Amino acid sequence: MNKYNVLKRIEDIGIVAVVRAENEEKAKYIAYACMEGGIDAIEVTFTVPGAHRVIEALVEEFGDTLLVGAGTVLDSETARAAILAGANYIVSPAFDLNTAKLCNRYQIPYMPGCSTPTEIITAMEAGVDVIKVFPGDAFGPSFIKAIKGPLPQANLMPTGGVSLDNVDQWIRNGCIAVGAGSALTKGSKEDITKTARQFVAKIKEARK
């Protein structure tokens, strides 16, 4: 899948499910639940042992019906392993120039965590398309409006602190999408599906 299509799908749905599953079966369980709730973008964090195998399993199971990304990618070596496993996009807690170069080389979207205007501008100058505002809960939705004032061209996606109670504020303040972890992926399959539907509905409403 080309870079444009990946970014377009993430923006269209408006949310990425951050999955910290301890094995392939748990990851598939969460993925199925999210997809039934209307969320077709999953980020498998590399804090999970054997994360590359989880990515491979999800790609094999779902193909292009599910966007599978790699999260908590700290360096270009890990990014390369994730891309070889089939990851459609790379997410990091901080900006890394070598990772940006590698992702640009293979035309894979790179979403590094940034928390200051300087970091955001540095990442954008390195070819980053979407900035992961991290940690989101340290700033809150008002931070987005403050950044979009001088940097209206920045595509921002907060992770950390995103919940059903505030997702509409993040979107209304200018985010193209959000990342949601435990607020979305905890509980039974039915719980996750119900929460996914609520997130999707709130995002749609906020965009009207």
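L184 is located in helix 9, which spans residues 182–185, in a model that is predicted. With a relative accessibility of 1%, L184 counts as buried.

**Surroundings of L184**

- Leaving aside residues up to four places away in sequence, L184 touches I15, A17, C34, I39, I192, T195, A196 and F199.
- One of these residues, A17, stands 167 residues from L184 along the chain, yet the C-alpha atoms of L184 and A17 are separated by 7.0 Å.

**Helix 2 and helix 10**

- Two packed helices are described by the angle between their axes and the distance between the axes.
- For helix 2 (residues 24–36) and helix 10 (residues 189–207), the axes come within 7 Å and cross at roughly 40°.
- The two helices, helix 2 and helix 10, are therefore oblique to each other.
- The crossing in which helix 2 passes helix 10 is right-handed.
- On the side of helix 2, the contact involves Y29, I30, Y32, A33, C34 and E36, which meet K189, I192, T193, A196 and R197 of helix 10.
- Sorted by class, this contact of helix 2 with helix 10 comprises seven nonpolar, one polar and three charged residues.
- C34 in helix 2, together with I192 and A196 in helix 10, takes part in this contact; C34, I192 and A196 are also among the residues that L184 touches.

**An aromatic pair**

- Three aromatic pairs are found in a search of the whole structure.
- In the pair of Y32 and F62, the ring centres are 4.8 Å apart and the planes lie at 65°, so the pair is edge-to-face.
- This pair links distant parts of the chain, as Y32 belongs to helix 2 and F62 to helix 3 (residues 51–62), 30 residues apart.
- Y32 counts as partly exposed at 35% relative accessibility, whereas F62, at 9%, counts as buried.

**Backbone features in loops**

- Most residues other than glycine have a negative phi, and most peptide bonds are trans.
- F134 and P135 are joined by a cis peptide bond with an omega of about -5°.
- P135 is part of the loop between strand 6 (131–133) and helix 7 (142–148).
- T72, although not a glycine, has a positive phi of about 55°.
- The loop that holds T72 runs between strand 3 (67–71) and helix 4 (76–85), and T72 counts as partly exposed at 24% relative accessibility.
- Q107 is a residue other than glycine with a positive phi, near 55°.
- Q107 has its place in the loop between helix 5 (97–105) and strand 5 (110–114), and Q107 is partly exposed, with a relative accessible area of 44%.

Terms used
Residues numbered from 1 in each chain as written. Predicted model: local features only at pLDDT ≥ 70, side-chain atom pairs only at ≥ 80, totals over all residues. Heavy atoms only, no water. Axes fitted to C-alpha atoms, helices over the stretch in contact; angles between N-to-C directions. Helix = DSSP H or I, 4+ residues; strand = E, 2+ residues; numbered from the N terminus. Parallel < 35°, antiparallel > 145°, perpendicular 65-115°, else oblique. Left-handed = near helix turned anticlockwise from the far one by under 90°. Contact = heavy atoms within 4.5 Å. Nonpolar A, V, L, I, M, F, W, Y, C, P; charged D, E, K, R; others polar. Phe/Tyr/Trp six-rings, centres within 6.5 Å; stacked < 30°, edge-to-face > 60°. Buried < 20%, exposed > 50% of the residue type's maximum accessible area, 1.4 Å probe, protein only.
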